[in-house]
Amino acid sequence: MSTSLLLLIIALIGIGAYFAGRARSLTRSGNKLATLHSLPGYHGSYVAIWAVLPALLVLAGWLIASPIYIDSAVRSTLPDAVQSQGDATVQLALGQVKAVATGLNRLDATEIETIKDGSANLRETLAARGVALAGEGQPFMVEAAERFNAMRLYSRWLMSAVVLLVAIAGGLYAIRNVTARFRARNQVERVMLGSLVVASSIAILTTIGIIGSMLSEAGRFFSMVSPAEFFFGTVWDPRFAAAGSEGASGQFGLLPLLGGTLYIAFVAMAFAVPIGLFAAIYMAEYASPRLRSIAKPLLEVLAGIPTIVYGFFALVTVGPFLRDISAQLNGLITGNYQNFIQAQSVLTAGIVMGIMLIPFVSSLSDDIITQVPRALRDGSLGLGATRSETVKKVILPAALPGIVGALLLTASRAVGETMIVVLAAGVAARMQINPFEPMTTVTVKIVHQLTGDLEFTSPQTLVAFALGITLFVITLALNIYALYIVRKYREQYE
Amino acid sequence: MSEAAVEKALDQKMNTVPLKMIGKDVSVYYGEKRALFDVNLDIRENTVTALIGPSGCGKSTFLRTLNRMNDTIENCRVTGRITLDEDDIYDSSIDVVELRARVGMVFQKPNPFPKSIYENVSYGPRIHGLARTKADFDEIVETSLQKAGLWNEVKDRLQEPGTGLSGGQQQRLCIARAVAVSPEVILMDEPCSALDPIATAKVEELIHELRANFTIVIVTHSMQQAARVSQRTAMFHLGNLVEENDTDKMFTNPDDQRTQDYIMGRFG
């Protein structure tokens, strides 16, 4: 029985259990709804939950555990000659056994016979059926594969039987509990609570898992390259990670990348903050509700544009434009039509990233400015202050902590932004202060180190994880600090 | 002269005092909805005028027309004529910012700025350029706080935030803030509704004293407060001015039945 069929049957049992529970609660109460502690629907849900949930848990457990068990059982039957050659060979053999097992299911009995007595080539026969083997098959593999198939089949039948039994038993147990005074409602509530807790723990556990994997890979990197060299190195020259070139070491200096990241983020913020903030002040303080209802969503459309599109924009429009205009300017002043702004440069990436950030700055600041109580505005206007005096002297100071928080959140986005800088900033890892020259960022280098053929044992690849964890720590610190400020600010007016 | 004697002298003068503001056929619309119907109400100089009436009767709306605070409300339209010393305040040549400096306002909820006490009071003089030197500002702050009866309580902590004061102190700070601009008229929109009885008593006492220098218009829900602090009372109902009279007469022998009912607590 396939897993999806099993799931369908469990679902049907669940639906049946629901109606059985409902009906039973009605009969137990003598059809008087008022005597029931919980509505019939809750009794139905209670029974359905008992029928479905334990069965699903058993099913999930079985699906996780049985492949592990079968693998180890098959592995232990592999010939000693294979087992003695170490883990990698055993893994390879096991992989082939599984491929053969898949293939055997597609062959008919006579073909299996010809393979067993050696009159047909295993690899060619299977290839004809669309199953590719990594190497020449060996006789022991066919045997192991047959054992594997048999165990899988047995496991499947056993699983179906056990799961269905659990479902029916659960339903019957629950339906016996249903009485007029039974608190089905509270039981359902507890299941709801449980599922909400599970959902949030999945999110948190995933985060912890990601951090854990980054940390362990970064740890492997730091066992090859010293942290001091990484964090304080000023040269980024990782060389190539070619197979067998393990002795060749590159230089993994973080500083040029970090410098580029912060520089580009700074240019972007310098561009986005004034524009975004002024837009927010206009939207919050001056715009009529009608205009605001049109203009604000329009501004926020900018936030919905995928960053790769901003990347094109930088690459094909802004970069060439800056390059050409700089050439013209240079020509007008010195007579030499040589551009002084490169098409890929800190300025290009900064401006385009700034455009991307405008809606973040304006939307967050707008929320914060509108949170400033109306009473403060009235107080200032009532004293004869103009609108802009009110904004400058009362509203912005009152909203300042919140705005700073919003800007920090935006900055952490700028630091972590990838696609725009990949296309617009260039790849040259160097430390310099001329915004018209290309620089590169941490994210760009992560992309570079992780594209192409990868070998997860060389520092050239593993450095991506060290870069990743550095970036993660920076943005996390910015976010936490920003949230702290924003929360503190909220308390002020609540 | 004793306080009672001052009171009496002022009361006698009352019918002869000049008019500070004149409202003629004032109507207010919020979008399609009409909130005030042709109100004719005069505000006498150096007098406390109380506006009373049940919730939603238009008394706050009328108050806010007097310094054009209604301008900040979307879709709000005012017709009719309101003059301040013979100047039509809705005339296009009037600078609304200057008007609000002449007609100050104190709000229902104390709304000190999140700044120091000193900066709260010096805010108005600073934007209107009423003082130049630090000494001038110091003097304005001190006299304003004294007029608001707050000086002795806060003189040692002028640099502390105004939001750290108690509710009653905050409201007196807001009055000091309004006084600092030297307005001619002070509008008060239920200034005591967020205060406890003791703080209320202090603010009422303060209103009494301010009357010597300012013309005051106060909106209140409390009959007792209107009777205690005002010399003239105007009763609003459903956007209409029902009756306007001397406070004494209003609370003992009103002309209009609706006033009688409201004061007796039969509705509202």
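Does Gly135(A) count as buried or exposed, and what is its number of C-beta neighbours inside 10 Å? I'll come back to that in point 5, after a walk through the two chains.

1. **What we're looking at.** Keep in mind from the start that this is a predicted model. Its scores are ipTM 0.83 and pTM 0.74. For chain B, the mean pLDDT is 88, and 94% of the residues reach 70 or more.

2. **Chain A, the overall picture.** Chain A has 18 helices and 2 strands. Its C-alpha trace spans about 90 × 75 × 40 Å along the principal axes. A compact globule of 494 residues would have a radius of gyration near 23 Å, but for chain A the value is 33 Å. Of those 494 residues, 37% are buried. As for contacts between residues at least 6 apart in sequence, 74% of those in chain A join residues at least 24 apart.

3. **Chain B, the overall picture.** Here the secondary structure consists of 11 helices and 10 strands. How does the radius of gyration of chain B fit with a compact globule? Chain B has 18 Å, and a compact globule with 268 residues would be near 18 Å, so the two agree. Along its principal axes, the C-alpha trace of chain B spans about 55 × 45 × 35 Å. Buried residues account for 44% of the 268 in chain B. Taking contacts in chain B between residues at least 6 apart in sequence, 68% join residues at least 24 apart.

4. **Where the chains meet, and a helix pair in chain A.** The contact between the chains takes 16 residues from chain A and 23 residues from chain B. On the chain A side, α14 (374-382) and α15 (387-416) each supply at least two residues. The largest share comes from α14(A), with 6 residues. By class, the chain A side divides into 9 nonpolar, 5 polar and 2 charged residues. Now for α15(A) inside its own chain: helix α13 (residues 346-371) of chain A packs with α15(A) at an angle of about 145°, their axes 9 Å apart. The crossing of these two helices is right-handed. Among the residues making this contact are Phe360(A) and Leu364(A) of α13(A), along with Ile403(A) and Leu407(A) of α15(A). The contact of α13(A) with α15(A) has 14 nonpolar, 3 polar and 1 charged residues.

5. **Two loop residues in chain A.** Back to the opening question: Gly135(A) counts as exposed, because it has 11 C-beta neighbours inside 10 Å, and 12 or fewer is the cut-off for exposed. Gly135(A) is placed in the loop between α6 (122-128) and α7 (139-177) of chain A. From Gly135(A) to Gly311(A) is 176 residues in sequence and 45 Å in space, C-alpha to C-alpha. Arg239(A) sits in another setting, the loop between β1 (236-237) and β2 (251-252) of chain A. With 14 C-beta neighbours inside 10 Å, Arg239(A) counts as partly exposed.

6. **Two positive phi values in chain B.** Which phi value does Arg68(B) have? Phi of Arg68(B) is near 60°, a positive value in a residue other than glycine. Arg68(B) lies in the loop between α2 (59-65) and β4 (76-84) of chain B, and it counts as buried because it has 20 C-beta neighbours inside 10 Å. Glu86(B) is not a glycine either, and its phi is positive at about 75°. You'll find Glu86(B) in the loop between β4 and β5 (87-88) of chain B. Glu86(B) counts as exposed, with 7 C-beta neighbours inside 10 Å.

Notes:
Residues numbered from 1 in each chain as written. Chains lettered and ligands numbered in written order. Predicted model: local features only at pLDDT ≥ 70, side-chain atom pairs only at ≥ 80, totals over all residues. Contact = placed C-beta atoms within 7 Å. Helix = DSSP H or I, 4+ residues; strand = E, 2+ residues; numbered from the N terminus. Nonpolar A, V, L, I, M, F, W, Y, C, P; charged D, E, K, R; others polar. pLDDT = per-residue confidence, 0-100. Rg over C-alpha atoms; globule rule 2.2 N^0.38 Å. Axes fitted to C-alpha atoms, helices over the stretch in contact; angles between N-to-C directions. Left-handed = near helix turned anticlockwise from the far one by under 90°.
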